[in-house]
Amino acid sequence: MERSAPSSVEIKARRMNFQHTENKPRYWHHGDAFMTHALTSASIFFPEGERFFIRSVRNYQDQVSDPKLQEDIKGFIAQEATHGHEHTKYNADIVKQGYGFLRPVERQVKVGLALLNKYTPKQFQLAITVALEHITAISAGMLLAYPQLMEGVAPEHQEIWLWHAVEETEHKGVAFDVYNEVGGQYWVRVLALLLATLSFIPAVFLLLGRFLWIDKKLTRQTWQELKNYHQGKSFIFKEVGGHYLDYYRKDFHPWEVQNQQHIEDWKAQNDRQTITI
Ligand SMILES: [Fe+2]
Ligand SMILES: [Fe+2]
């Protein structure tokens, strides 16, 4: 079983400065309200969530003695910071499309995470990060492994998602390795995934429902379109469900799924200059 990232994986942030996060078509995901809003609903949580991840890893940065892991932490922080930056622009464009209800939602997420920082133990905060990084990593891995999930989406609207998926894959083991290095307990890591699943996933679906309600898309037709879209893809979701459950094993490690080839494939077509923050 793999216990660390393959040596070919370098964790460095890239400055992408996407030109297509603004003035997006309302339903940029193949003209479909459900898929567009599902991804957007996740994006609303990213900037504040990623700042929380950075804080929770920084809490332990000076306790990590392994120089390679120290380097990886720097890369992790730089990558998450640039994700927050790009998704902030992405989300602002959504608000401009007439979804003003998102502003208070963003504030609530910020307050909620600040309360977590204030009132819960640091180990628990890091465990929540490890758990949410697992959910992110399996979603990212799915997006990279199965291009059919982006079927019908213009290349310029796939950009931000594929870039984010690549960097999430590159750094998927960092928070996990920090957690182990500083003696994080198994039961706290497992509890954190349970809690993260029971809070983050319903929150995304609630937002999605609100988008669809506002757009008057909570209809039989939307449901039918979703069923059509999912046809032939259910095996993907089964596979992801399996990866999700692997986390509950005591000997789990994010790099037991060796999917670095997807990073290489993306880099062959898209690589950019790296930056240091
Ligand atoms: Fe990220
Ligand atoms: Fe991440």
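Buried residues make up 32% of the 277 residues in this chain. Keep in mind that this is a predicted model.

First, the overall layout. We have ten helices and two strands. Along the sequence the order reads β-α-α-α-α-α-α-α-α-α-α-β. The radius of gyration is 18 Å, close to the 19 Å that the globule rule gives for 277 residues, so the chain is as compact as a globular protein of that length. Along the principal axes, the C-alpha atoms fill a box of roughly 55 × 45 × 35 Å. Now contacts. Take those with a separation of 6 or more: 88% of them join residues 24 or more positions apart.

On to helix 6. How many of its eight residues are buried? Six are, so helix 6 is largely enclosed by the rest of the structure. Those buried residues are Val174, Ala175, Phe176, Asp177, Val178 and Tyr179. What do they pack against? Four partners: helix 1 (33–58), helix 2 (67–96), helix 4 (122–145) and helix 7.

Next, the loop that follows. Helix 6 covers 174–181, helix 7 covers 186–214, and glycine 183 lies in the loop between them. Is glycine 183 buried or exposed? It has 9 C-beta neighbours inside 10 Å, and 12 or fewer counts as exposed, so glycine 183 is exposed. Its backbone is worth a look too. Just after helix 6, glycine 183 takes a positive phi of about 85 degrees.

One last distance. Glycine 183 and alanine 165 are 18 residues apart in sequence. In space, C-alpha to C-alpha, glycine 183 and alanine 165 are 28 Å apart.

Definitions and conventions
Residues are numbered from 1 along each chain as its sequence is written. Chains are lettered from A and ligands numbered from 1 in the order in which they are written. This is a predicted model: local features need pLDDT of at least 70, side-chain atom pairs count only at pLDDT 80 or more; totals for chains, interfaces and linings use all residues. A residue is buried if 20 or more other C-beta atoms lie within 10 Å of its own, exposed if 12 or fewer, and partly exposed in between; C-beta atoms are placed from the backbone. Two residues are in contact if their C-beta atoms, placed from the backbone, lie within 7 Å. The radius of gyration is taken over C-alpha atoms; the globule rule is 2.2 Å times the number of residues to the power 0.38.
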